[in-house]
Amino acid sequence: GLAADAAAGKALAGESCADCHGEDGAGDADYPALAGLSVDKFTKAMKEYQDGTRTKSAKMTKEAKKLSDAQVADLAAYYSKLK
């Protein structure tokens with residue numbers, strides 16, 4: 001597939017993920033940290049929200065279903081680079 005674009009992932013994260021997971025993906029008491037997640041772990045989680053395997057967050061299911069495969073890859077690339 002296409003090479004993932006971490007810069008595009010950062011822009012998308014700012015729009016879609018930062019409200020809950022923080023600007024740098026650090027998370028907090030209510031939301032898990034995304035920073036430092038491996039590309040595989042992040043991608044697997046998004047796929048599970050999209051296909052209904054993972055159901056613990058209705059908001060995440062809704063958000064994940066808006067994302068294309070390319071957007072998921074971009075986000076995974078971005079978060080995997082953060083510490």
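Me: Let's start with α3. What span should its 13 residues have, and what do the end atoms give?
Reply: At 1.5 Å a residue, the 13 residues of α3 should span 18 Å. The end C-alpha atoms are 18 Å apart, which agrees. Keep in mind that this is a predicted model.

Me: Okay. Which residues of α3 are buried?
Reply: Phe42, Ala45, Met46, Glu48 and Tyr49 are buried in α3.

Me: And where do they fall, seen down the axis of α3?
Reply: Looking down the axis of α3, the buried residues fall within an arc of 160°, so they line one face of the helix.

Me: What does the face turned away from the buried side carry?
Reply: That face of α3 carries exposed residues: Asp40, Lys44 and Asp51.

Me: What covers the buried residues of α3?
Reply: The cover includes α4 and α5, and α5 runs over residues 69-81.

Me: What does Glu48 touch?
Reply: Glu48 touches Thr53 and Arg54, leaving out residues up to four places away in sequence.

Me: What happens just after α3?
Reply: Gly52 sits there, and Gly52 takes a positive phi of about 90°.

Me: New topic: α5. How does the span of α5 work out?
Reply: α5 has 13 residues, and at 1.5 Å a residue they should span 18 Å. Its end C-alpha atoms are 19 Å apart, which agrees.

Me: Which residues of α5 are buried, and what covers them?
Reply: The buried residues are Val72, Asp74, Leu75, Ala76, Ala77, Tyr78 and Tyr79. What covers the buried residues of α5 includes α1 and α3.

Me: Tell me about Val72. Is Val72 buried or exposed?
Reply: Val72 lies in helix α5. At 1% relative accessibility, Val72 counts as buried.

Me: Which residues does Val72 touch?
Reply: Not counting residues up to four places away in sequence, Val72 touches Phe42, Thr43, Met46, Gln50 and Leu67. Phe42 and Met46 are also among the buried residues of α3.

Me: And how far is Val72 from Asp5?
Reply: Their C-alpha atoms are separated by 10 Å. Along the chain, Val72 and Asp5 are 67 residues apart.

Me: Over to Ala8. Where is Ala8, and how does it count?
Reply: Ala8 is in helix α1, residues 6-16. At 30% relative accessibility, Ala8 counts as partly exposed.

Me: How far is Ala8 from Cys20?
Reply: The C-alpha atoms of Ala8 and Cys20 are separated by 19 Å. The two residues are 12 apart along the chain.

Me: Last topic, the pocket. What volume does the largest pocket have?
Reply: The largest pocket has a volume of about 460 Å³.

Me: How many residues line the largest pocket, and which lie nearest its centre?
Reply: The lining has 24 residues. His21, Pro32, Leu34, Tyr49 and Met60 lie nearest the centre.

Me: Which helix supplies the largest share of that lining?
Reply: α3 does, with six residues. α2, α3 and α4 each supply at least two residues of the lining.

Me: And how does the lining split by class?
Reply: The lining has 14 nonpolar, three polar and seven charged residues.

Technical notes: Residues are numbered from 1 along each chain as its sequence is written. This is a predicted model: local features need pLDDT of at least 70, side-chain atom pairs count only at pLDDT 80 or more; totals for chains, interfaces and linings use all residues. Side-chain values use heavy atoms; hydrogens and water are left out. On a 1 Å grid over the protein atoms alone, a cavity is a set of points where a 1.4 Å probe fits but cannot get out, and a pocket is an open set with protein on both sides within 12 Å along at least five of seven lines; lining residues have an atom within 4 Å of a point. Grid points are joined across faces, edges and corners, and a volume is the space filled by probe spheres set on the points. Helices (H or I, at least four residues) and strands (E, at least two) are DSSP runs, numbered from the N terminus. Ala, Val, Leu, Ile, Met, Phe, Trp, Tyr, Cys and Pro count as nonpolar, Asp, Glu, Lys and Arg as charged, and the others, Gly among them, as polar. The expected span of a helix is 1.5 Å times one less than its number of residues. Buried means under 20% relative accessible area, exposed over 50%, partly exposed in between (1.4 Å probe, protein chains only). The arc is that of the directions from the helix axis to the C-beta atoms. Contact means heavy atoms within 4.5 Å.
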